[in-house]
Amino acid sequence: MVEAVRKVTAGARQSAMALVAAAALLGGCAVRDTGASEPWDPLEGANRFIFSINRAVDTIAIRPVAVLYRDWMPAPAQRGLHNLLENLGEPVTAINEVAQGDPSRAATTIARFLVNSTLGLAGLFDVASAIGLSKTKESAGNTVGYYAGVEPENGGFYMVLPLAGPSNARDAAGLMADYAVDPFRILTYALNVDWLLYSGPRWGATVLDTRTRTLYALDDLERNSVDYYAALRSAYTQQRAEIIRQKREKTNPRAELERRDNLALIR
Amino acid sequence: MQLASRRALLCLAAAALAAPAAAALAAPAQAADGPAAQLIERAAAEVIELVKNTTGAQREAGIRAVLTNYFDLPFMAQAALATHWNATTPEQRERFLKAVVSAEARAYAQRFGQYGGQTVVVSRVSTRPNGASVVDSKLNQSNGQPIAIQWEVRDSGRGLRITDVKIEGVSMVMTRRSDFNSFIQNNGGKVEPLISELEARSTR
């Protein structure tokens, strides 16, 4: 009797998993809708392998450069490069804000882009923030998460991307979508701009800027975890969820707290 | 027995807090001067003093005192071990707690380098029906963006204690829990290797 029940549940679980795998490819899926559970990581073996390669490359090539950059590049120059990259990302943010049904916010983003590209000297200076046009950053991952009717912790299966690091089905798909709709990418592609003139430098600068900004947090996480892979997986999932949750619950910041009331943390 | 009494206490606390919770719903932005907010402000002031005036082992000892005085460490340790907690002996629990406290004290002592003019500003306190209060705060830095920190505060039976810290949405307890769980899974599902590892780290 018990055995039969177990079989039925196992069967149901299997078909559920198949459904989930299909749904995950579309971005978000309902697998275990309590934020208390571990991130869904069916590819853990492969992920850990890529993670170890990423770590080796990071230790040898990326982290040392980021440390030098952080310690020796004057702060205004670091800020300038960061502003420049953020400015290049504004069109993608605007597109996502339209997709999220917030055209007025998208208009502000476009205004920011125009102001910073001209008065801000091609984006080196964030003049727009100074005149009251506040900054936002949106990705297609956020857009999918915004519409997916699941807990934002649940972004489909977790994956570690070569060089880019932690991600999941939702955010990796979002990354591709953002790449596809990026006006700068389309334009430079159409005009046959040499890779070395635009894509290469932008990519390299993004890696440098991002790594410099994550030095402190990642060093800390690595030093204070017994399983860095798992700790990073958890932290990534939580942080992405927080961003999407804030987006969803604009009028109700309490929803997050209510969810936490239902976690296994509470006895 | 201990667990049962804690549960009873939490139920009591929940009942006691039900009324303020209803009030909180009516006025979403509560004044940030309740006991929970004061607890955070006191803890933050104490840590800032430590960072200003001490270094090395002295700072680590100070941080350890703050951890034991302001945090509900047994609660957090239990939450971090999740279901594995039930598979541990009282002796293991004691060792685990000790090792975790050492690790956290050391981590926090290293985390703050020199004092750089940071301040913690409490913005809002929300009371939850389960007896926890969540204190929203911002860590303002002299350079760079402010960092959002949420503190979960509960009445532990020995007064209000901090039970979790969320930095930019990343909960310390949740991250530890995932970290520990994975380590345990990869070491034969036993808690003992984790405790040994933590103990080994604290002597390094």
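What covers the buried residues of α5(B)? Let us work towards that helix step by step.

The model is predicted, so local features need pLDDT of at least 70 and side-chain atom pairs count only at pLDDT 80 or more, while totals for chains, interfaces and linings use all residues. Residues are numbered from 1 along each chain as its sequence is written, and chains are lettered from A and ligands numbered from 1 in the order in which they are written.

Start with α5(B) itself. Helices here are DSSP runs of H or I with at least four residues, strands are runs of E with at least two, and both are numbered from the N terminus.

The axes of α3(B), residues 56–70, and α5(B), residues 90–111, come within 8 Å and cross at roughly 120°. Axes are lines fitted to C-alpha atoms, for helices over the stretch in contact, and angles run from 0 to 180 degrees between N-to-C directions. That angle makes α3(B) oblique to α5(B), oblique being what remains once under 35 degrees is called roughly parallel, over 145 roughly antiparallel and 65 to 115 roughly perpendicular. Among the residues making the contact are Ile63(B) and Leu67(B) of α3(B) and Val101(B) and Ala105(B) of α5(B); contact means C-beta atoms, placed from the backbone, within 7 Å.

On to another partner of α3(B). Helix α2(B), residues 35–53, packs with α3(B) at about 170°, their axes 10 Å apart. The two are therefore roughly antiparallel. Leu39(B) and Val47(B) are among the α2(B) residues that meet α3(B), where the partners include Ile63(B) and Val66(B).

Finally, step out to chain A. The contact takes 27 residues from chain B and 22 residues from chain A. On the chain B side, α5, β5 (170–171), α6 (172–185) and α7 (192–203) each supply at least two residues. The largest share, nine residues, comes from α6(B).

Conventions. Contact = placed C-beta atoms within 7 Å.
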